[in-house]
Amino acid sequence: MSSSLVKMAILFASLLIMFMFPRSNAQLSATFYDSTCSNVSSVVRGVVERAAQNDVRIGAKLIRLHFHDCFVDGCDGSLLLDDADGIESEKSAAPNNGSVDGFEVVDEIKTALENVCPGVVSCADILAISSQISVSLAGGPTWQVQLGRRDSRTANRAGVTGALPNALETLQQITEKFNNVGLDSTDLVALSGAHTFGRARCAAFSHRLYDFNGSGNPDPSLDTTYLETLRQTCPQGGSNDNTLTNLDRSSPDGFDNDYFTNLQNNQGLLQTDQELKSEDDTADIVERFADSQSDFFDSFVQSMINMGNIRPLTGNDGEIRLDCKRVN
């Protein structure tokens with residue numbers, strides 16, 4: 001191939017990537033705040049540690065906020081915005097309403113940072129930092145968070161349903177949504193491993209217990225002993241829809257690889273959890289993570305970095321919000 005054709009091919013590939021993922025992450029750096037807010041991590045950690053004393057679920061809530069933020073137009077803090085003139089909040093969209101929480105802790109973190117580094121740390125970065133700290137505090141891995149995101153000046157309520165995976169979707173549908181933001185099957189399985197801590201409402205999985213896909217029978221992939229345990233928690237009829245159940249029955253508040261061992265034993269709580277075992281490529285990754293916690297931790301760290309790189313606003317784009325709930 002001639003050099004001119006090679007250059008044309010490279011140019012075309014570059015333009016394609018820019019079209020698919022137009023925001024640049026080139027300015028993200030683990031040292032971004034070293035000269036402007038060097039104690040940012042310790043400030044965030046202090047607030048998260050205090051919050052965890054009153055709410056054992058706060059770590060899972062914070063990482064969920066980061067996930068739900070990044071999948072809708074990138075990691076730009078848009079999920080945190082309240083309704084306002086010209087803004088329809090993503091919080092009230094169906095996949096988020098009643099499903100995401102922890103906003104008050106984000107506000108506490110922002111207030112603490114504004115007291116020491118006013119106008120410096122973005123709300124989008126707060127979500128990334130607090131996620132890493134939450135995982136670490138629960139016994140999981142630590143990593144250098146890439147920083148330098150800026151906050152959006154708008155939200156995309158209409159785009160939430162199409163972008164976010166939900167507990168009733170098939171593995172194929174979930175995989176497509178991950179692929180749409182540049183994440184692959186390893187990212188899908190590794191990030192699903194965040195369900196090693198946290199809770200889910202009966203409404204998210206009760207369809208598996210009694211009339212799966214209109215069959216009149218429970219989900220055949222669900223361990224029968226576990227099925228009976230779940231039925232006691234979530235009796236038929238929907239009156240217990242808001243009752244909470246551990247996502248990881250083995251170690252519900254610790255960050256480890258028990259989630260994957262549970263899947264091996266057909267004891268995944270959500271349909272989207274257990275379906276990771278339904279296809280060879282994801283099932284192989286589940287087995288690998290069940291066999292090696294260090295392998296899971298290493299992959300989880302890389303996948304969190306990958307997710308945090310989804311179309312961030314950097315440079316002069318967006319703003320640094322003074323209040324995460326509203327634009328400046």
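In which helix is Q274 found? Q274 belongs to helix α11, which covers residues 271-274. Helices here are DSSP runs of H or I with at least four residues, strands are E runs of at least two, and both are numbered from the N terminus. The model is predicted, so local features need pLDDT of at least 70 and side-chain atom pairs count only at pLDDT 80 or more, while totals for chains, interfaces and linings use all residues. Residues are numbered from 1 along each chain as its sequence is written, and side-chain values use heavy atoms, with hydrogens and water left out.

Q274 has 5% relative accessibility and therefore counts as buried. Buried means under 20% relative accessible area, exposed means over 50%, and partly exposed lies in between (1.4 Å probe, protein chains only). Contact means heavy atoms within 4.5 Å. Beyond its neighbours within four places in sequence, Q274 is in contact with R208, S221, N262, L263, N266, Q267 and G268.

N156 sits in a loop. This loop runs between α5 (123-137) and α6 (160-163). N156 is partly exposed, because its relative accessibility is 24%. Leaving aside neighbours within four places in sequence, its contacts are V72, D73 and E90. With D73, the link is a polar contact from side chain to side chain, at 3.0 Å. Such a contact is a pair of N or O atoms within 3.5 Å; within protein, one must be able to donate a hydrogen and the other to accept it, and residues adjacent in sequence count only if both atoms are side-chain atoms. N156 and L79 are 77 residues apart in sequence, yet their C-alpha atoms are 8.4 Å apart in space.

Aromatic rings were examined next. The whole structure holds 15 aromatic pairs. Rings of Phe, Tyr and Trp (its six-membered ring) pair if their centres lie within 6.5 Å; planes under 30 degrees apart are stacked, over 60 edge-to-face, and the rest tilted. F32 and Y33 form an edge-to-face pair, with 5.0 Å between centres and 90° between planes. F32 is partly exposed at 37% relative accessibility, whereas Y33 is buried at 2%.

F260 and F296 also pair. Their ring centres are 4.9 Å apart and their planes meet at 70°, so the pair is edge-to-face. This pair links distant parts of the chain: F260 lies in helix α10 (residues 258-264) and F296 in helix α13 (residues 293-308), 36 residues apart. Both F260 and F296 are buried.
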